[in-house]
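Here is a short tour for someone meeting this structure for the first time. Keep the sequence and the 3D view at hand.

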Amino acid sequence: MRPSTPERLKASLRDWLEMKETGEGLACCADEMIEQIQAKLAVLEQLLGELAAHGMGFTLKHGQHDAWGMICPDASEPGRYRWQAFRRDGFTGHSTFDSSEQCLGDLVDNGYTLPDPGALDRLADTVEWQRGMEVVAVIQACNAGRMSYEDALRAREAIDARYASGTAR
C-alpha cells in the first residue's frame with residue numbers, strides 16, 4: 001500500500017470499517033487498524049498542507065531517530081521527485097517517486113512526521129557532517145570502481161585519524 005496517499009488510506013479505512021461491521025476477515029483487529037489509519041491520515045493531510053506552503057526542500061525529522069528526509073526534484077530523473085535521507089553525518093540514501101506528494105506519503109510511512117525546516121543547513125556546517133561527507137565520497141568512489149576496497153579502508157582510516165587529531169576542517 002506504499003506510498004500512503006489520502007485516497008489509499010480512506011479506501012483502507014472503508015475496508016476496515018466494513019470488516020468490523022460484518023464481522024468477517026480480521027474483524028478482531030479492526031478497531032486497532034481503524035485507529036492507526038485515522039491517525040496516519042490526519043498526519044498526512046496536515047503535512048500535505050505544509051508541503052504545499054513550503055514546496056521543495058520541505059524537511060521532516062523521524063519521530064524516533066536522529067534522521068531526516070527532504071523532498072526535492074530528482075536530478076538524475078528529470079520530472080520525478082525524491083526524498084533525500086540524511087543523518088548528522090551526511091546523506092544516507094534516497095527514494096524516487098512521480099510526485100512530491102508520493103514522496104511525502106513514503107516519508108510518513110517510514111516514520112518521518114515532524115517538520116524541521118532548516119535541518120540540512122544546521123547540520124551541514126558541523127564537523128560531524130564534514131567528516132561524514134568525506135567518508136561518503138570514499139564509499140562512492142569504491143562503489144564506482146575508482147578505488148579498491150583496500151584503498152577505501154585506508155582512506156577511511158586517514159579521514160578518521162585527521163578528525164581525531166583535530167586537524168581536519
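A nonpolar core is a set of buried Ala, Val, Leu, Ile, Met, Phe, Trp, Tyr and Cys residues joined through side-chain atoms within 4.5 Å. Keep in mind that the model is predicted.

## The cores

The largest nonpolar core has 22 residues. Phe58, Leu60, Ile71, Trp83 and Leu104 have the most contacts inside this core. Helix H1 (6–22), helix H2 (30–54), E3 and H3 each supply at least two of the core residues. H2 gives the most, with seven residues. A second, separate core has seven residues, among them Met70, Ala119, Leu123 and Trp129. In soluble globular proteins, nonpolar side chains tend to be buried together.

Now turn to the strands. Five strands form an open sheet, and its order is E4-E3-E2-E1-E5. The pairing is antiparallel. Which strands sit at the edges? They are E4 and E5, and each pairs on one side only. Neighbouring strands are turned by 35° against each other on average, direction ignored.

Two of the pairings can be followed in detail. E2 and E3 pair in the antiparallel sense over six bridges. Strand E3 (residues 81–87) and strand E4 (residues 90–97) are also antiparallel, and seven bridges join them. E3 and E4 form a hairpin, with two residues between them. Within this pair, Arg82 has Thr96 of E4 as its bridge partner.

Helices lie across the sheet strands. H2 lies across E1, E2 and E5 and runs at about 50° to E5. H5 lies across E3 and E4 and runs at about 65° to E4.

## A covered helix

Is H3 mostly covered or mostly open? H3 is mostly covered, with eight of its 10 residues buried. The buried residues are Ser100, Cys103, Leu104, Gly105, Asp106, Leu107, Val108 and Asp109. What covers them includes H2, strand E1 (59–62), strand E2 (68–73), E3, E4 and strand E5 (112–115). After H3 comes Gly111, whose phi is positive, near 95°.

Asp109 is in helix H3 (residues 100–109). Leu44 is in helix H2. Ser4 lies in the segment before H1.

| Residue | Relative accessibility |
|---|---|
| Asp109 | 13% |
| Leu44 | 1% |
| Ser4 | 2% |

Why does Asp109 count as buried? Its relative accessibility is 13%, and buried means under 20%. Ser4 counts as buried because its relative accessibility is 2%. Leu44 is buried too, because its relative accessible area is 1%.

Asp109 has polar partners. Its side chain makes a polar contact with the side chain of Lys40 (2.9 Å). The side chain of Ser4 makes a polar contact with the side chain of Asp109 (2.5 Å). Not counting residues up to four places away in sequence, Asp109 touches Arg2, Pro3, Ser4 and Lys40.

Ser4 touches Leu9, Lys40, Leu44, Gly105 and Asp109, with residues up to four places away in sequence not counted. Leu44 has contacts of its own beyond four places in sequence: Ser4, Thr5, Pro6, Leu9, Leu104, Gly105 and Val108. The C-alpha atoms of Leu44 and Thr5 are separated by 7.7 Å, though these residues are 39 apart along the chain.

## Two helices side by side

The axes of helix H5 (residues 127–143) and helix H6 (residues 149–165) come within 9 Å. They cross at roughly 170°, which means that H5 is roughly antiparallel to H6. From H5, the residues that meet H6 include Val127, Gln130, Glu134, Val138 and Cys142. On the H6 side, the residues include Tyr149, Ala152, Ile159, Asp160 and Tyr163.

Key:
Residues are numbered from 1 along each chain as its sequence is written. This is a predicted model: local features need pLDDT of at least 70, side-chain atom pairs count only at pLDDT 80 or more; totals for chains, interfaces and linings use all residues. Side-chain values use heavy atoms; hydrogens and water are left out. Two strands pair if DSSP finds at least two bridges between them. Helices (H or I, at least four residues) and strands (E, at least two) are DSSP runs, numbered from the N terminus. Buried means under 20% relative accessible area, exposed over 50%, partly exposed in between (1.4 Å probe, protein chains only). A polar contact is a pair of N or O atoms within 3.5 Å; within protein, one must be able to donate a hydrogen and the other to accept it, and residues adjacent in sequence count only if both atoms are side-chain atoms. Contact means heavy atoms within 4.5 Å. Axes are lines fitted to C-alpha atoms, for helices over the stretch in contact, and angles run from 0 to 180 degrees between N-to-C directions. Angles under 35 degrees count as roughly parallel, over 145 as roughly antiparallel, 65 to 115 as roughly perpendicular and the rest as oblique.
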